[in-house]
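The following note sets out numbered points on the structure shown below. Please read each point against the coordinates.

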Amino acid sequence: MPKDAPPRWDRRMQQRLARGEAAALGEFYDRFASLVHGLAARVLSDERAADQITREVFGYVWENPDAYDPKQGSMRSWVAKLTQREAVQRLRQAEASSHAESGGGSPEELELKVRRASAAARADYIVTSMPAPLRAALELAYFQRRDYRQAAADLSITEDEARRRLRLGLQLLSSANTRPPEGAAPPGYGRAL
């Protein structure tokens with residue numbers, strides 16, 4: 001996964017997209033396609049729907065490059081939010097029509113499913129966008145079952161540094177379950193699709 005693009009790259013990319021440079025869209029796609037598809041697939045649990053969301057998000061970016069505001073955050077964050085918003089909307093539509101056809105399920109159950117999918121997508125995004133040293137410490141602790149001492153030895157860092165990285169990584173992940181106030185658009189994400 002590439003790291004967050006530097007702000008200069010974001011501004012240049014936005015300018016190139018605004019000029020209609022097809023090569024810019026290709027570069028943009030190469031950089032963010034796996035992020036967009038992965039988030040959409042995580043929310044929807046459907047590869048075909050994730051493919052469609054991916055096309056829609058990149059189409060939106062191509063047609064609306066000025067919707068991105070570099071002063072509000074990285075282009076990576078903006079694209080992730082566009083993806084999440086569109087995927088959650090698609091999930092709500094699919095669930096609502098499914099519940100209407102079957103006559104089962106309450107609006108509360110639908111909302112719970114949407115919240116869980118959104119939290120999972122936010123957690124995926126947080127992990128993929130966190131700095132490599134934090135991600136490496138978390139991967140050692142949770143996938144390889146290393147404690148902070150073993151993680152410190154594997155990463156050739158002090159135990160204090162390993163604890164700090166794990167604590168910070170967990171704090172970042174814990175924010176995946178927080179929801180913005182109703183109707184409030186988080187900063188840096190421009191207009192909705």
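1. The side chains of Asp154 and Arg146 meet in a salt bridge, with N to O at 2.6 Å; a salt bridge is a side-chain nitrogen of Lys or Arg within 4 Å of a carboxyl oxygen of Asp or Glu. Asp154 is partly exposed because its relative accessible area is 41%, and Arg146 is partly exposed because its own value is 30%. In these terms, buried means under 20% relative accessible area, exposed over 50%, and partly exposed in between (1.4 Å probe, protein chains only). The structure holds 10 salt bridges.

2. This is a predicted model, in which local features need pLDDT of at least 70 and side-chain atom pairs count only at pLDDT 80 or more, while totals for chains, interfaces and linings use all residues. Residues are numbered from 1 along each chain as its sequence is written, and side-chain values use heavy atoms, with hydrogens and water left out.

3. On confidence: the mean pLDDT of the protein is 80, and 84% of its residues reach 70 or more. The pLDDT is the predictor's confidence in each residue, from 0 to 100. Confidence is highest in helix α3 (residues 47-63), at a mean of 94, and lowest in helix α5 (residues 107-129), at 74. Over residues 1-5 the pLDDT is below 50, and this stretch has 11 contacts in the model beyond near neighbours in sequence; contact means heavy atoms within 4.5 Å. Residues 180-193 also stay under 50, and for them the model has 27 contacts beyond four places in sequence. Where pLDDT is low, the predicted coordinates should not be read in detail.

4. On the overall architecture: the protein has 8 helices and 0 strands, so assigned because helices (H or I, at least four residues) and strands (E, at least two) are DSSP runs, numbered from the N terminus. Of the 193 residues, 37% count as buried. Among contacts between residues at least 6 apart in sequence, 68% join residues at least 24 apart. The accessible surface comes to about 11000 Å², of which 51% belongs to carbon and sulfur atoms; accessible areas come from the Shrake-Rupley method with a 1.4 Å probe, and for residues only the protein chains shown count as cover.

5. Which residues of helix α6 are buried? In this helix (residues 132-142) they are Leu134, Arg135, Ala137, Leu138, Leu140 and Ala141. These buried residues pack against α5, α7 (148-155) and α8.

6. Leaving aside neighbours within four places in sequence, Arg165 is in contact with Pro133, Leu134, Ala137, Leu155 and Ile157. Among these, Leu134 and Ala137 are also listed as buried residues of α6.

7. Glu161 takes part in two pairings worth checking. Glu161 forms a salt bridge with Arg165, the closest N and O atoms being 2.9 Å apart, and the side chains of these residues are also joined by a polar contact of 2.9 Å. A polar contact is a pair of N or O atoms within 3.5 Å; within protein, one must be able to donate a hydrogen and the other to accept it, and residues adjacent in sequence count only if both atoms are side-chain atoms. Glu161 and Arg165 both lie in helix α8, 4 residues apart, about one turn of the helix. Arg164 forms a salt bridge with Glu161 as well, with the closest N and O atoms 2.6 Å apart. Because they are 3 residues apart in helix α8, Arg164 and Glu161 are separated by about one helical turn. An α-helix has 3.6 residues a turn, so residues three or four places apart point the same way. Arg164 counts as partly exposed because its relative accessibility is 39%.

8. Arg19 is found in the loop between α1 (7-18) and α2 (22-44), and counts as exposed because its relative accessibility is 57%. A polar contact of 2.8 Å joins the side chains of Arg19 and Glu21. Arg19 and Pro65 are 46 residues apart in sequence and 9.4 Å apart in space, C-alpha to C-alpha.
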